[in-house]
Amino acid sequence: MATQFQHRLVGTLVLVSLGVIFLPDVFDGEKAHYQENYEAIPLREEFDTELLTAPVEAPEDVEAFMPQEPVTVTIDEPNESDNSEPAAVAQVEESAPKAGYQDSAWIIRLGTFRNIENAKNLVSTLRGKGYPAQLMPRDVKQGELARVEVGPNVSKDKLEAMTADLESLTGLKGQLLRFNPLNP
């Protein structure tokens, strides 16, 4: 025996479920269907067939690295007549660079840092002072290292003059090296 309350409850549930199912479709309105309009690009009718039969030239062999500067070392032997302690003095003589490399660029390497943040701070300080400094990352098995370099510049004399200023500014004695763009 169903009570009047149970009849009302079932009726209400039926009306609510019908409303949930059908009312969204009724109030949705007119649906717009979009169809993309496109045009096919026609194939090129005029084609130069000589391009297909033209031979491909072999690439030029160019020396892609800068050679190291040859250095000769002479050691002066002390005289046997001196009673002082023998001391060997090494003199390094640089020979002229090979032809084609006279206008090579130079850099000043200030140091290699294990702490990347210190290297970034040094580069930002140098750039703030007007020096063309850059950070050269180098991945090593023990950890990542970063080199701080100033340059490159074609004038070796200009960079030599900068080394004293950089040493007073940073406290690091820079090393003047030939710039190699292919193997930094």
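**View 1. Four helices and six strands make up the chain of this predicted model.** Helices here are DSSP runs of H or I with at least four residues, strands are runs of E with at least two, and both are numbered from the N terminus. Along the sequence, the elements follow the pattern α-α-β-β-β-α-β-β-α-β. Of the 184 residues, 17% count as buried, where buried means under 20% relative accessible area, exposed over 50% and partly exposed in between (1.4 Å probe, protein chains only). Among contacts between residues at least 6 apart in sequence, 62% join residues at least 24 apart; contact means heavy atoms within 4.5 Å.

A word on the conventions: this is a predicted model, in which local features need pLDDT of at least 70 and side-chain atom pairs count only at pLDDT 80 or more, while totals for chains, interfaces and linings use all residues. Residues are numbered from 1 along each chain as its sequence is written, and side-chain values use heavy atoms, leaving out hydrogens and water.

**View 2. Helix H3 spans residues 116-128.** The buried residues of H3 are Ala119, Leu122, Val123 and Leu126. They share the same side of H3, because they cover an arc of only 100° around the axis, taken from the directions from the helix axis to the C-beta atoms. An α-helix has 3.6 residues a turn, so residues three or four places apart point the same way.

**View 3. Asn115 and Gly130 flank helix H3.** At the start of H3, a side-chain oxygen of Asn115 comes within 3.1 Å of the backbone nitrogen of Glu117. After H3 comes Gly130, with a positive phi near 100°. Most residues other than glycine have a negative phi.

**View 4. Gln134 is a buried residue of strand S4 (residues 133-140).** Its relative accessible area is 18%. Although Gln134 and Val123 are eleven residues apart in sequence, their C-alpha atoms are 6.1 Å apart in space. Beyond its neighbours within four places in sequence, Gln134 is in contact with several residues, including Val123, Arg127, Arg147 and Glu149. The side chain of Gln134 also reaches the backbone oxygen of Gly151 at 3.1 Å. Gly151 is joined to Pro152 by a cis peptide bond, with omega about 0°, and Pro152 lies in strand S5.

**View 5. Glu149 sits in strand S5 (residues 143-153).** Glu149 is buried, with a relative accessible area of 2%. Its side chain makes a polar contact with the side chain of Arg109 (3.3 Å); a polar contact is a pair of N or O atoms within 3.5 Å, where within protein one must be able to donate a hydrogen and the other to accept it, and residues adjacent in sequence count only if both atoms are side-chain atoms. Leaving aside neighbours within four places in sequence, the contacts of Glu149 include Ile107, Ile108, Pro132 and Met136.

**View 6. The charged end of Lys156 sits over the ring of Trp106.** The distance to the ring centre is 4.4 Å. A charge sits over a ring if NZ of Lys or CZ of Arg is within 6 Å of the ring centre and within 35 degrees of the ring normal.

Notes
Expected span 1.5 Å × (residues − 1).
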